Amino acid sequence: MISLFKCPICGNALNKEEKRLVCESNHSFDIAAANYVNLLPVNKKHSKSPGDDAEMVRAREKFLSAGYYKTLRDKIVETVASLSESKPVKLIDIGCGEGYYTEEVASLNNVETAAFDISKTAAEKTGKRIKRTGAHSEAAVASAFDSPVNDCCFDIALNIFSPLCIPELSRILKSGGYFLYVVPAPDHLWEMKELIYENPYKNVDEKQEYDGFDFSDKIRVRYTEEITSNESIKALFGMTPYFWHTPKAYMSKLDNIHSLRVTVDFFILIYKKI
């Protein structure tokens, strides 16, 4: 059986055996017990353990497992189903995290999925999820800026809050293929921002154009959620880009907050490869 991934060393196809992926040049990659492979060569790592660490992945997994983003996940799955039109398609989930979205998309009968993340812990979580559910997917450790997949081999690419590399997306998508990009909309977590910052501002709603792609559609997913524990509130903030740029003195304002009603607001942006 041929894997959706290619050899990151020589670029040849990878044959999927019981416990490994191997190419004709005999480059071999073990399939871990957690059902993922590491396709990130050591010479392409920028740190010892790139990507989100184990603590961040566990916190995000616990938050998502509570169902706070289920409405968004359902809309993503619905959108993928509508774009595939019930025809067999290949989908790549770039920066898949712990697989919360991957397992649902890959559960669609006509969708064959490859999912990867640069974080080993995240890829391991994804591998376990798809193994448990029997979803049609492979999981790997890999970089969004050097994806170990062939040119023009995917019908749909999914990027949910992950680093964006347009040249790679253009390379791996078929002509007429779709790229789904999920980003925060203006009102996202507004109530949390008001608590933390002296002068909060809303996310900018502006149309982004990318070379080689036509803008197809913008779907807004907006609702409110009651976050019912301090642990979940802090995990939610830790999932945002603000976490990396906010002084600890500001973040400490969340220390004694144990319930918070927030607006969840996202855009699913759809682009079509020309």
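Where is N203 found? I started my notes with that one, working on a predicted model.

**Entry 1: N203**

I found N203 in the loop that runs between α6 (190-196) and β11. Buried or exposed, I wondered, is N203? Its relative accessible area came out at 15%, and because the cut-off for buried is under 20%, I put N203 down as buried.

Next I looked up its polar partners. The side chain of N203 makes a polar contact of 2.9 Å with the side chain of Y242. Another polar contact, of 3.4 Å, links the N203 side chain to that of K193. Setting aside residues up to four places away in sequence, I listed what N203 touches: P184, A185, P186, H188, K193 and Y242.

**Entry 2: helix α1**

I then turned to α1, residues 54-65.

Which residues of α1 are buried? I noted V57, R60, E61, F63 and L64. Looking down the helix axis, I saw the buried residues of α1 fall within an arc of 165°, so they line one face of the helix. A reminder to myself: an α-helix has 3.6 residues a turn, so residues three or four places apart point the same way. On the other side of α1, I found E55, K62 and S65 exposed.

What do the buried residues of α1 pack against? I wrote down α4 (120-133), β11 (213-227) and α7 (230-238).

At the start of α1, a side-chain oxygen of D53 comes to within 3.3 Å of the backbone nitrogen of E55. After α1 comes G67, with a positive phi near 90°.

**Entry 3: α1 against α7**

I gave this pair its own entry. The axes of α1 and α7 are 9 Å apart, and the two helices pack at an angle of about 115°. I recorded their crossing as left-handed. From α1, the contact is made by M56, A59, K62 and F63, and from α7 by E231, S232, A235, L236 and G238.

**Entry 4: I160**

Last, I looked up I160, which sits in strand β9 (residues 154-160). I160 is buried, with a relative accessible area of 7%. Leaving out neighbours within four places in sequence, I found I160 in contact with I76, I94, G95, Y101 and V182. I also noted the distance to T224: 64 residues separate I160 and T224 along the chain, and their C-alpha atoms are 20 Å apart.

Conventions:
Residues are numbered from 1 along each chain as its sequence is written. This is a predicted model: local features need pLDDT of at least 70, side-chain atom pairs count only at pLDDT 80 or more; totals for chains, interfaces and linings use all residues. Side-chain values use heavy atoms; hydrogens and water are left out. Helices (H or I, at least four residues) and strands (E, at least two) are DSSP runs, numbered from the N terminus. The expected span of a helix is 1.5 Å times one less than its number of residues. Buried means under 20% relative accessible area, exposed over 50%, partly exposed in between (1.4 Å probe, protein chains only). The arc is that of the directions from the helix axis to the C-beta atoms. Contact means heavy atoms within 4.5 Å. A polar contact is a pair of N or O atoms within 3.5 Å; within protein, one must be able to donate a hydrogen and the other to accept it, and residues adjacent in sequence count only if both atoms are side-chain atoms. Axes are lines fitted to C-alpha atoms, for helices over the stretch in contact, and angles run from 0 to 180 degrees between N-to-C directions. A crossing is left-handed if the near helix is turned anticlockwise from the far one by less than a right angle, and right-handed if clockwise.
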